[in-house]
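Q: I am new to this kind of model and would like to learn how to read it. Can we go through it feature by feature?

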Amino acid sequence: MTQQGAALQTYNNELVKCIEELCSKREELSRQIRQEEDEKERLQHDVRVLSEKLSRVDESLARRLAARTALDRTIAETEAAYAKILESSQSLLSVLKQEAGNLSKATEPRRKEH
């Protein structure tokens, strides 16, 4: 019986050792799980913060694009109007020169023909 008792004691010691190793592995795994849960929470927070930033940037970008489109339209309209003013000024100057020439001819003393 002593042999059986010794064998039982050996098995018991090995069993206790295996259980302790499993508990140690479980504790290590639990530590890793806590770390990953913390990282997950931090990353989710970062995603929320970045999503809010992205939303603000999108809104700002949309406003700026609309403002630029309005400015482009205003510039195009202004340039077209200015071109018409230049064309009208050129026409007016041409007419004025022609009329001034006609007036000069009309007011010149007549030459006497012999």
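Q: Is Arg-31 buried, partly exposed or exposed, and why?
A: Buried means under 20% relative accessible area, exposed means over 50%, and partly exposed lies in between, with a 1.4 Å probe and protein chains only. Arg-31 has a relative accessible area of 33%, so Arg-31 is partly exposed. This is a predicted model, in which local features need pLDDT of at least 70 and side-chain atom pairs count only at pLDDT 80 or more, while totals for chains, interfaces and linings use all residues. Residues are numbered from 1 along each chain as its sequence is written, and side-chain values use heavy atoms, with hydrogens and water left out.

Q: Which residue forms a salt bridge with Arg-31?
A: Side chains of opposite charge can pair when their charged atoms come close. A salt bridge is a side-chain nitrogen of Lys or Arg within 4 Å of a carboxyl oxygen of Asp or Glu. Here the partner is Glu-28, and the closest N and O atoms are 2.4 Å apart. Glu-28 is partly exposed because its relative accessibility is 33%. Both residues belong to helix H1 and sit three residues apart, about one turn of the helix.

Q: How many salt bridges does the count come to?
A: The count comes to two. Arg-42 and Asp-46 also meet in a salt bridge, at 3.3 Å from N to O. They too lie in helix H1, four residues apart, again about one turn. Arg-42 counts as partly exposed because its relative accessibility is 44%, and Asp-46 is partly exposed because its relative accessible area is 30%.

Q: Which residues gather in a patch of negative charge on the surface?
A: A patch is made of residues with over 30% relative accessible area and no salt bridge, like charges being joined within 9 Å. In this chain, Glu-36, Glu-37, Asp-38, Glu-39 and Glu-41 form such a negative patch. Asp-38 counts as exposed because its relative accessibility is 52%.

Q: What radius of gyration does the chain have?
A: The radius of gyration is taken over C-alpha atoms, and the globule rule is 2.2 Å times the number of residues to the power 0.38. The chain has 48 Å, whereas a compact globule of 114 residues would have a value near 13 Å. Along the principal axes, the C-alpha atoms fill a box of roughly 170 × 25 × 10 Å. Buried residues make up 1% of the 114 residues.

Note on methods: Patch = residues over 30% accessible without salt bridge, like charges linked within 9 Å, V, L, I, M, F, W, Y side chains within 5 Å. Areas by Shrake-Rupley, 256 points an atom, 1.4 Å probe, with all protein chains shown as cover. Lys, Arg positive; Asp, Glu negative; His and termini not counted. Charge placed at Lys NZ, Arg CZ, Asp CG, Glu CD. Helix = DSSP H or I, 4+ residues; strand = E, 2+ residues; numbered from the N terminus.
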